[in-house]
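Morning, everyone. Please bring up the model on your screens, and then we'll walk through a few elements.

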Amino acid sequence: MGIEDIRDFISELEKHRELKRVKTEVDSDLEVAEIMRREMYSNGPAILFENVKGYDMPILGNAFGSMKRLEIGLEMTDFTEIGQRIADMTKMDVPSGLLNKIKKLPELSKMTASFPKAETSGPVTEITSTDASFDEIPIIKSWPEDAGKFITLGLVATKHPETGVRNLGTYRMQIVDKTHALMHWQKHKRGAHHGDISKEKGEKIPTAIIIGGEPATIFSSIAPVPEGLDKYLFAGITRKEGIKTVKCKTIDLDVPANAEIVLEGYVDPADIRDEGPFGDHTGYYTPVEPYPTFTLTGIMRRKNPIYVTTVVGKPILEDAYIGKVIERSFLPLIQMFHPEVVDFSMPAAGWFQGFAIISIKKRYPGQAKKVMMGLWGMGQLSLTKMFVVVDEDINVHDINDVIWAITTRADAARDTIIIDNTPTDTLDPASPLVNLGSKMGIDATQKTKEEGYNREIQQQVKVDENTKNLVDSKWSSYGL
């Protein structure tokens with residue numbers, strides 16, 4: 001059996017010495033967040049706070065705060081497998097004829113095994129109530145100027161009001177009172193799109209906030225999957241086995257059966273209130289802005305649930321490691337649309353949407369710019385403000401190699417493009433307007449005569465093979 005829930009994950013983390021338990025009493029107001037940040041900045045372990053002041057519910061933090069922990073949770077070491085599975089499914093031909101169908105059965109069974117499985121009950125249905133309150137949960141306050149307590153790792157479940165396709169998104173929620181919170185789903189996010197459709201219909205949108213679950217489900221909530229792909233199916237593709245779901249009690253939504261807590265309710269697109277400030281992953285407080293209100297109508301939970309949370313701030317914190325897995329897992333999908341792409345990196349210091357580096361196998365003039373334009377047209381990559389494109393001999397994960405390519409293969413006037421008045425990440429602190437700013441692309445590939453490079457291409461310095469082999473053979477004798 002693989003990892004089925006947060007408890008299994010905690011057990012595995014402890015086996016690998018990736019988790020510590022804190023038995024000293026801690027306060028969910030600022031203290032927990034500061035401990036988590038200090039441990040993340042010093043490459044510390046996941047933390048289970050067992051004695052939270054005023055609550056009988058423990059807090060799990062920094063659970064995904066290293067590549068090792070993500071390898072444990074997602075039960076793989078090569079995260080490109082995830083994207084490759086999706087790519088393989090899209091290429092799968094539907095067989096015709098009985099014999100061909102029989103031959104395809106093993107492949108088809110792998111695909112169907114990833115679909116979610118509906119259950120009548122599960123661990124999260126142990127306790128259900130319509131008399132629910134946010135006050136029962138040790139929701140943290142992270143920064144001194146935050147507007148209050150925020151749910152930071154709640155998986156927000158909605159479904160498309162017309163197609164019924166299910167979505168999970170990780171949107172922060174500011175607690176207003178016992179039964180109301182503000183839903184910070186940014187304009188470009190799928191949850192916000194579902195809310196807009198409901199608003200046009202004059203309806204409220206059923207919404208569930210899921211705390212905990214299989215690590216694959218938590219990852220799926222954060223991952224920017226292709227439009228139209230059910231997030232529960234994506235979770236099954238990630239873990240190679242479909243997740244179990246149960247029906248909510250007060251709203252018409254399916255939720256993971258192995259979650260710790262499910263907060264049921266609805267978002268009213270017409271009930272708009274001021275949300276923020278909040279200390280965000282850019283390293284700045286995002287200002288006060290209007291967002292819709294979530295109303296709590298019921299709760300499902302385990303008898304002894306664990307509250308799972310995260311903290312954000314100036315990189316590098318826990319979200320950077322999740323971002324690296326997203327980067328790796330979506331490389332095969334990028335290559336599906338842009339086969340010249342060799343590798344792709346979104347450095348953690350660029351807070352996901354700020355900066356990306358792409359290496360390509362260049363075959364014709366202008367190809368680097370073609371790739372930039374194509375990626376700016378792909379889902380969440382449309383919000384990335386800066387692209388650097390390099391040749392395949394450059395390691396996109398070595399920033400020194402990238403800087404070398406920029407300074408030796410790019411001319412500022414010829415190879416920099418600026419595109420104004422384009423969509424930007426809502427959280428971008430530098431854009432002149434919220435959600436609207438500019439893009440920059442740097443073509444740091446070697447230029448050709450067709451691209452206006454009229455000089456002779458200088459020869460790159462490289463060691464000759466004879467000297468390399470000689471030094472290799474004698475290396476141990478040097479005493480170095």
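Pairing first: two strands pair if DSSP finds at least two bridges between them. Helices (H or I, at least four residues) and strands (E, at least two) are DSSP runs, numbered from the N terminus.

Some ground rules. This is a predicted model, where local features need pLDDT of at least 70, side-chain atom pairs count only at pLDDT 80 or more, and totals for chains, interfaces and linings use all residues. Residues are numbered from 1 along each chain as its sequence is written, and side-chain values use heavy atoms, leaving out hydrogens and water.

Start with β21. β20 pairs with β21 in the parallel sense, over 5 bridges. Ile357 stands opposite Val388 in β21. β21 also runs parallel to β23, again joined by 5 bridges. There, Val388 has Ile442 of β23 as its bridge partner.

How many residues of β21 are buried? 5 of its 6. Buried means under 20% relative accessible area (1.4 Å probe, protein chains only); exposed is over 50%, and partly exposed lies in between.

Now α11, residues 367-375. Its buried residues are Gln367, Ala368, Val371, Met372 and Leu375. Seen down the axis of α11, they fall within an arc of 145°, so they line one face of the helix. That arc is taken from the directions from the helix axis to the C-beta atoms. These buried residues pack against several elements, including β20, β21 and β23. Contact here means heavy atoms within 4.5 Å.

Last, Gly298. Gly298 sits in strand β17, residues 289-301. Gly298 is buried, at a relative accessible area of 0%.
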